[in-house]
Amino acid sequence: MDAPTALRANKHGLGTRDVDEYMRRDIHTVSPGTDLQIITEIINSERQRLVPVVAQDEVIGVITRTDLISIFTTESATVHTPARSIRKEKNLSKIMHDRLPRAIRDLLHLAGELGDTLNFPVYVVGGFVRDLLLENPTQDIDLVVEGDGIAYARALADKLNGRVREHQKFMTAVVIFHDGKTEQHIDVATARLEYYEYPAALPTIELSSIKMDLFRRDFSINALAIRLGQESFGRLVDFFGGQNDIRNKSIMALHTLSFVEDPTSCLLAARFAQRSGFTMNPGTAKLIKNAVQLGMVERRSGVRSFHEFQKICEESAPLSILKRLEELKILQSISMHISLNPNKLALLERLQDITGWYRLLYLEEQPEIWIVYLLGLCRNLTYAEASEILNRLAFSTARRTSFQQIREAVRKAQAQTEKWQKDFDRNQEKCSVSMLCNALNGLPIEGLLYLMGRADSDPIRKSLSRYITQWRHEKADISGSDILALGISSGPDVGKIIAAILDAKRDGKAPTREIQLILANKYAAQVKGKQKK
């Protein structure tokens, strides 16, 4: 552990912790006459932030990564990147041409040319570059500008006929524009260095170069950038060995205090590892364990944790991520009431299958999947216990109330559904489809999917699937105007008659409009008879 890291660790309240929890043991040393290229190899490829200079078995000095960055940024006219780094910073323009849609390529060229005009070096960074190398390109574009990022964002928005949402405190902006079909977003940041005043705090920002901007990131695989612009379009910047870690499918934290300063990275690491088949470097896993033991996860922003939870639930196989979070004791750090016991695991596995089934239906209504999984995690909890989880995730009063209302509606619907199934098994003639539909009426799609996962029998699950895909979308073939034409005054009686007609249709008693009109006439006569009395 170097001196700056030790000072930061002490500032974060880790002064009494054993240093071996955060130190490296496989240290490379050099002699006073060692070539700069070799030192760069050690710092970049071996991830050693500090290189002791040893002469006659004594340490006579140290060289740090900051020393190298200072050399490369202040003496760029005379000092060149060593040969191995040049090979690492290869040009990806052909890969970009082969793997990116034309619209994205054109957008990146435009961004680079604008940077040339403003004399601002511009880079596309982070997950975009990582996913490009993994042959899974994304359309989420994050740009970093060596210059005034907000001024650049305004100019880019003008080029795209869009608008800008600025965040002056963090020197970032979002460019919002339409590509002719949908609304698109481009995140723009000023190249910056972040430091944290206390654990789990929001970062304090200082201006810096692209190399320092990459240095602030969480993992080496995310510390990648591609230079844009006419002369250097496609040049990959890999200062911390991210390419090598992508090839090895390894997640390596850039800093020993990464999970202390931003505990949300624990969730991000688990999500990416399980989704992409990567493994956490042993040292990285140990750092996560230390952060959990220190209670750092409990102190992180609930809003950021909730956003990461949403992303986890949107994955194709979120259960594997939740299991990993359980192994790392991160779920328990969110709340002592969250645990993956065998019954809950079985439920979550069914919910994963059901949400996957629903996606394949390609229906227009898109559920908020996180609600389905959070309902599963809150299974059998009291109102107060569930509220404690929602508080930890920083739910607003409105969102907390809405979620608890869904829980209560599901509880009632489940009891009615189970009763309907028992009655149906005893006497099918007295137990109609419409009775089930009325029990489920008003339950949101998230509650229906969860209820399907909670169902104890195949018949109930099949009935629920029919309701989700067919019955709840059915409407009567007659309208309010048809009822009014029968002499019924506008009012609640019109709605009641249409509801009764729909029940008859669902039960197979009124399959056609003609039969429904006959039945409506009968109901209308009954209503008019009551009115005369």
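**Close-up 1. Helix 12 passes helix 15 in a right-handed crossing, a crossing being right-handed if the near helix is turned clockwise from the far one by less than a right angle and left-handed if anticlockwise.** This is a predicted model, in which local features need pLDDT of at least 70, side-chain atom pairs count only at pLDDT 80 or more, and totals for chains, interfaces and linings use all residues. Residues are numbered from 1 along each chain as its sequence is written, and side-chain values use heavy atoms, with hydrogens and water left out. The two helices pack at an angle of about 135°, with their axes 9 Å apart, where axes are lines fitted to C-alpha atoms over the stretch in contact and angles run from 0 to 180 degrees between N-to-C directions. That makes helix 12 oblique to helix 15; angles under 35 degrees count as roughly parallel, over 145 as roughly antiparallel, 65 to 115 as roughly perpendicular and the rest as oblique. Cys 266, Leu 267, Ala 270, Arg 271 and Gln 274 of helix 12 meet Ser 320, Ile 321, Arg 324 and Leu 325 of helix 15, contact meaning heavy atoms within 4.5 Å. These residues divide into five nonpolar, two polar and two charged, with Ala, Val, Leu, Ile, Met, Phe, Trp, Tyr, Cys and Pro counted as nonpolar, Asp, Glu, Lys and Arg as charged, and the others, Gly among them, as polar.

**Close-up 2. Helix 15 (residues 318-327) has Pro 318, Leu 319, Ile 321, Leu 322 and Leu 325 buried, that is, under 20% relative accessible area with a 1.4 Å probe, protein chains only.** They lie on the same side of helix 15 because they cover an arc of only 160° around the axis, taken from the directions from the helix axis to the C-beta atoms. The buried residues of helix 15 pack against helix 12 (264-276), helix 14 (302-314), helix 16 (330-334), helix 17 (342-361) and helix 18 (369-377). Helix 15 is followed by Lys 329, which has a positive phi near 65°.

**Close-up 3. Helix 22 (residues 445-454) and helix 23 (residues 458-469) have axes that come within 9 Å and cross at roughly 160°.** The two helices are therefore roughly antiparallel to each other, and their crossing is left-handed. Helix 22 contributes Ile 445, Leu 448, Leu 449, Leu 451 and Met 452 to the contact, and helix 23 contributes Arg 461, Leu 464, Ser 465, Tyr 467 and Ile 468. By class, this contact has eight nonpolar, one polar and one charged residues.

**Close-up 4. The protein chain around these views has 26 helices and 13 strands, which are DSSP runs numbered from the N terminus (helices H or I, at least four residues; strands E, at least two).** Of its 533 residues, 48% count as buried.

Note on methods:
Buried < 20%, exposed > 50% of the residue type's maximum accessible area, 1.4 Å probe, protein only.
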